[in-house]
Amino acid sequence: MKKADAPSLIQKSILVNGVERIYLQSDTPHPKYAVIVFHGNGGTAEGFAKKYGIEKTLDNALVIYLQGIPGIGGGFDPKGLKNGWQRKKGDGDDRDLYALDALVHKISIEFPFLENKIYAMGHSNGGRLTYLLWNQRPDLFAGFIVNAHQGVDLLEQTVIPKNAFIITGKQDRVVNNANQMKSVDIIKSTLNLHEKNLINDELTIYSDKAKSLNLGHYIHPGGHDLPKTALKFLKEYLDTLNK
């Protein structure tokens, strides 16, 4: 797809327990799968979309950027003054879990052919939400994509095996790199993946073909940012899963 033909974004909203939750949705023609994206703490859906243009690379996907809201403290935002996401069950009365319940339901009605092809993708604090969704709402999603966060405590609980793509930066100074790597080790163990395919110096695919399970692990030399080079490999990964 040429850049000029890249999907545009349409602002939409959904009411969840009396709170309007805003999101941007790509107008991708004939999507093969859907990806719901969560920005980092203090960010916005619009800002994240402008910076990374995920819908331009994942041109086979219906891409949805959900807007986080203030109110949950922790990390670098102890008072919860910035836009963000819940980190564990019970935060903010599970406002984000309920928001995803409603949003996935809406997508499944509008695009019934995507009902079992919806992925959750999060960066930083949004990555933590993605791990929480894997822990609390695994049946809503076909797989999970995480950049620059960890879910050790969540993954150590009972986790339903799902496809996943994890991105970690060797120089990440925001989220403990050792815990990010430990999260990947737990996923490999949980999915019981024995086959290892080195795609290049940065990407490894672990798989169990008999169970149709795959874990992509992209390790880059950078820090806490989402490297755009990873998006190209993410597209190939998702396109392969959704042929």
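**Close-up views of a predicted model**

**View 1. Trp134 and the residues around it.** In this predicted model, Trp134 touches Phe144, Leu155, Val159, Ile160, Lys162, Ala164, Ile187 and Leu191, leaving out residues up to four places away in sequence. Trp134 is also one of the buried residues of helix H4.

**View 2. The largest nonpolar core.** This core has 42 residues. Those with the most contacts inside it are Ile36, Phe38, Leu133, Trp134 and Phe141. Helix H3, residues 95-110, gives the most to this core: six residues. In soluble globular proteins, nonpolar side chains tend to be buried together.

**View 3. A second core.** A separate core holds 29 residues. Among them are Val35, Ile54, Leu58 and Tyr65.

**View 4. Helix H4, residues 125-136.** H4 is mostly covered, with 11 of its 12 residues buried. The buried residues are Asn125, Gly126, Gly127, Arg128, Leu129, Thr130, Tyr131, Leu132, Leu133, Trp134 and Asn135. At 1.5 Å a residue, the 12 residues of H4 should span 16 Å. The end C-alpha atoms of H4 are 16 Å apart, so the two values agree.

**View 5. Asp96 in helix H3.** Asp96 sits in helix H3. Its relative accessible area is 0%; a residue under 20% counts as buried, so Asp96 is buried. A polar atom of the Asp96 side chain lies 2.8 Å from the backbone nitrogen of Gln86. Neighbours within four places in sequence aside, Asp96 is in contact with Arg21, Ile72, Gly84, Trp85, Gln86 and Leu129. Of these contacts, Leu129 is among the buried residues of H4.

Note on methods:
Residues numbered from 1 in each chain as written. Predicted model: local features only at pLDDT ≥ 70, side-chain atom pairs only at ≥ 80, totals over all residues. Heavy atoms only, no water. Core = buried A, V, L, I, M, F, W, Y, C linked by side-chain atoms within 4.5 Å. Buried < 20%, exposed > 50% of the residue type's maximum accessible area, 1.4 Å probe, protein only. Helix = DSSP H or I, 4+ residues; strand = E, 2+ residues; numbered from the N terminus. Contact = heavy atoms within 4.5 Å. Expected span 1.5 Å × (residues − 1). Polar contact = N/O pair within 3.5 Å; in protein donor to acceptor, adjacent residues only side chain to side chain.
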